[in-house]
Amino acid sequence: WTTEKLLDWMTHSLESHEVDSPRVLAEMLLTEVYGGNRIDLYANAQRVASEDEREQLRSLVARAMKHEPVQYILGKSLFFGHEFSVNQSTLIPRSCTEVLVMQAIEHCKGMTHTPRVADIGTGSGCIGITLAKQLDADITLTDICTDALALAQENAENLGVSESLTLIQGDGLEPLTGTYDVLCSNPPYILSHEMDELAPNVKEWEPALALHGGQDGLEIIRPMLEGAHEFLSENGCILIEVLPSITAEIKALMTSILTLREGVILKDQFGDERFLRAYKS
């Protein structure tokens, strides 16, 4: 069983179970077992795998054929150039969310005081921790799930920013105290009737608590917007990731919230309407 034959076998096995990007996934799994980089697989195409390595691969491929996300299989995911530990207590960090981070950094740039930032529903901590890596700021991470907070704490320690963060358990805005220059969140926003239509790697593996946004997708977002003014400093900014298909409903909601101004929908790097940005009136 050479590298070349193993890649072909894994790719075919994953294709037969309709797993997305089977070749790339095969390369990632084999690299995890062998070490090194994916390019090394082709530089050493005739390398013969040991029995232990083949056993590891069989286990990993079996998990992947059940549509388990590769990030959960490997226990890690990249976000903003940093490696985050992930598990099934939280959503997998996605590159589109990096635009939200860049918007928060831009808002804090040039402040003459130490910015206060809250990452609401932090999950793996990817938003708040990345901001802590980029800014000299006072950052609070909140989540309703204790397992998620434990993972965020682990990631903060691994990335060397745990002393810059405050982690608090709580639902939505409830655990916040004082005012913040930025409130940011990637909240649950999938509509109830769309939950069953999600791809298997999302529906069967990522936590429903972090996905389900109620009948209209706004069950978590609505109270966050309505109450944001109480926790925003003067000219404070709220940034929320949203579902592109409900941006019209979000714009309508914003017209009824007089405590926020200049509400706009921003696009992610793929051109999808993905974020709401607004300021305290």
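This tour goes through a predicted model, from its sheet to its cores and a helix pair. Residues are numbered from 1 along each chain as its sequence is written. Local features need pLDDT of at least 70, side-chain atom pairs count only at pLDDT 80 or more, and totals for chains, interfaces and linings use all residues, while side-chain values use heavy atoms, without hydrogens and water.

**Stop 1: the sheet**

Select the seven strands of the open sheet, in the order β5-β4-β3-β6-β7-β9-β8. Their pairing is mixed. Strands are DSSP runs of E, at least two residues; helices are runs of H or I, at least four; both are numbered from the N terminus. Two strands pair if DSSP finds at least two bridges between them. Neighbouring strands are turned by 15° against each other on average, direction ignored.

Next, pick β3 (residues 116-120) and β4 (residues 138-143). They pair in the parallel sense over five bridges. Ala 118 stands opposite Thr 140 in β4.

Move to β9. It pairs with β7 in the antiparallel sense over five bridges; Cys 237 has Tyr 279 of β9 as its bridge partner. β8 and β9 are also antiparallel, over six bridges. Here Ile 265 is partnered by Leu 276 in β9. The β8 and β9 hairpin has five residues between the strands, and Gly 271 takes a positive phi near 90°.

**Stop 2: a helix on the sheet**

Show helix α8 (residues 146-158). It lies across β4 and β5, at about 170° to β5. Axes are lines fitted to C-alpha atoms, for helices over the stretch in contact; angles run from 0 to 180 degrees between N-to-C directions.

**Stop 3: the cores**

A nonpolar core joins buried Ala, Val, Leu, Ile, Met, Phe, Trp, Tyr and Cys residues through side-chain atoms within 4.5 Å; buried means under 20% relative accessible area (1.4 Å probe, protein chains only). The largest has 34 residues. Leu 176, Leu 183, Leu 225, Ile 238 and Leu 260 have the most contacts inside it. A second, separate core of 30 residues includes Cys 108, Ile 129, Cys 237 and Phe 275.

**Stop 4: a helix pair**

Select α2 (residues 22-34) and α4 (residues 51-65). They pack at about 145°, axes 10 Å apart. In contact (heavy atoms within 4.5 Å) are, among them, Leu 29 of α2 and Leu 60 of α4.

Terms used
Buried means under 20% relative accessible area, exposed over 50%, partly exposed in between (1.4 Å probe, protein chains only).
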